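Here is a friendly walk through the structure below. Keep the 3D view open as you read, and follow along helix by helix.

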Amino acid sequence: MKTAFIVFSLIVFALLTNGLYQALVAAPTEATMGDVQRIFYYHVPSAWTAFLCFIANFVASIIYLAKRNQKLDAFAFASAEVGVVFCTVVLLTGPIWARPVWGIWWTWDARLTSTLVLWLIYVSYLVLRRYATGGQTATIAAALAVFGFIDVVFVYMAIRWFRTQHPQPVVGGGQGSGLHPAMLHALLMNFLAFAMYAGLLLWLRYKLERTSHLVEEAHAARAIAGDAR
Amino acid sequence: MNKTQYLYAAYVVTWVVHIAYLGYLARKAARVRREVEDLKR
């Protein structure tokens, strides 16, 4: 297991290094925005990776509600936490890109606002998991995750449903959308790297959560055994 | 700030967030490892 983790980590490191090279060197410079457009190669893959994590959280939460399996609960928790990390990157890189291109850091359009709400929903989920006491915490968190996921769909569709300051989709946006092949390659390489990196974080976080849970159970068992004596 | 500085700022901010999270995981892993060792004793 340890060897597999080290090999996986090395693969992820190589992919992230390649992604950085693709974004900063290999991808052509965009005609109107210039080099600042290269933020795109971190901003968009981070958003897609956050979506993947929240989808994983949604699926694990639904199955948890049906089967009450502790492993699924730990996986849901880990995927929400990793998703929040990537969503934080999206919310920080977006305004840094917006300032030189739009002349403003932030605007309350449908895409930006719904992304901020998404971040707040999953931060609330993590706060609930961290501070709530009682036996129903996992169930309440799973229910919050299921309803919170509606905002993932809204964030994705916001630029298709509304006229927004945020650009229309350049990948999967229908007629008139599209990217130069070298730009698309750099985007997909970074998405692959970030998705694999998220997988690595998820693995690590899930193992930690399971071990913590087992330690808590062992402490509880000891306490009960102590009381019985 | 010129446009290139915004580009570097975005990349640096991204890695600061990820490194901070890795630091959080490392601290948490060390704490859990200590708890497991305590249980074994």
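You will find A:Arg68 in the loop between α2 and α3 of chain A. The backbone here deserves a look too: phi of A:Arg68 is near 55°, a positive value in a residue other than glycine. For background, most residues other than glycine have a negative phi.

## The two chains

Please bear in mind that this is a predicted model. The model scores ipTM 0.94 and pTM 0.93. For chain B, the mean pLDDT is 94, and 100% of its residues reach 70 or more.

Chain A has six helices and zero strands, so its pattern along the sequence reads α-α-α-α-α-α. Chain B comes to one helix and zero strands. The table sets the two chains side by side.

| Chain | Residues | Buried residues | C-alpha box along the principal axes |
|---|---|---|---|
| Chain A | 229 residues | 34% | roughly 75 × 40 × 30 Å |
| Chain B | 41 residues | 10% | roughly 60 × 10 × 5 Å |

Where the chains meet, 22 residues of chain A are in contact with 18 residues of chain B. The side of chain B that touches chain A consists of 13 nonpolar, two polar and three charged residues.

Helix α2 of chain A covers residues 40-67, and helix α3 of chain A covers residues 70-102. These helices pack at an angle of about 155°, and their axes are 7 Å apart. An angle over 145 degrees counts as roughly antiparallel, and that is why α2(A) is described as roughly antiparallel to α3(A). The crossing in which α2(A) passes α3(A) is left-handed. Sorted by class, the residues of this contact are 19 nonpolar, nine polar and two charged.

Helix α2(A) also packs against helix α5 of chain A, residues 137-161. Here the angle is about 140° and the axes are 9 Å apart. That angle makes α2(A) oblique to α5(A). Once again, α2(A) passes its partner, α5(A), in a left-handed crossing.

Which residues make this contact? From α2(A) they include A:Phe51, A:Phe54, A:Phe58 and A:Tyr64, and from α5(A) they include A:Ala142, A:Phe149, A:Val152 and A:Tyr156. The residues of the contact of α2(A) with α5(A) divide into 13 nonpolar, three polar and no charged.

## Helix α4 against helix α5

Helix α5(A) has a further partner in α4(A): their axes come within 9 Å and cross at roughly 170°. The two helices are therefore roughly antiparallel to each other, and their crossing is left-handed.

Several residues meet across this pair. Among them are A:Ser114, A:Thr115, A:Leu118 and A:Tyr122 in α4(A), and A:Leu144, A:Ala145, A:Val152 and A:Val155 in α5(A). By class, the residues of the contact of α4(A) with α5(A) are 16 nonpolar, four polar and three charged. A:Val152 is listed in the contact of α5(A) with α2(A) and also in the contact of α5(A) with α4(A).

## A closer look at A:Thr115

A:Thr115 is found in helix α4 of chain A, which spans residues 110-131. Is A:Thr115 buried or exposed? A:Thr115 counts as buried, because it has 22 C-beta neighbours inside 10 Å and the cut-off for buried is 20 or more.

What does A:Thr115 touch, leaving aside its neighbours within four places in sequence? Its contacts are A:Val90, A:Leu91 and A:Val155. A:Val155 is one of the α5(A) residues in the contact with α4(A). A:Thr115 and A:Val152 lie 37 residues apart in sequence, and their C-alpha atoms are 8.1 Å apart in space.

Conventions: Residues numbered from 1 in each chain as written. Chains lettered and ligands numbered in written order. Predicted model: local features only at pLDDT ≥ 70, side-chain atom pairs only at ≥ 80, totals over all residues. Axes fitted to C-alpha atoms, helices over the stretch in contact; angles between N-to-C directions. Helix = DSSP H or I, 4+ residues; strand = E, 2+ residues; numbered from the N terminus. Parallel < 35°, antiparallel > 145°, perpendicular 65-115°, else oblique. Left-handed = near helix turned anticlockwise from the far one by under 90°. Nonpolar A, V, L, I, M, F, W, Y, C, P; charged D, E, K, R; others polar. Contact = placed C-beta atoms within 7 Å. Buried ≥ 20, exposed ≤ 12 C-beta atoms within 10 Å, placed from the backbone. pLDDT = per-residue confidence, 0-100.
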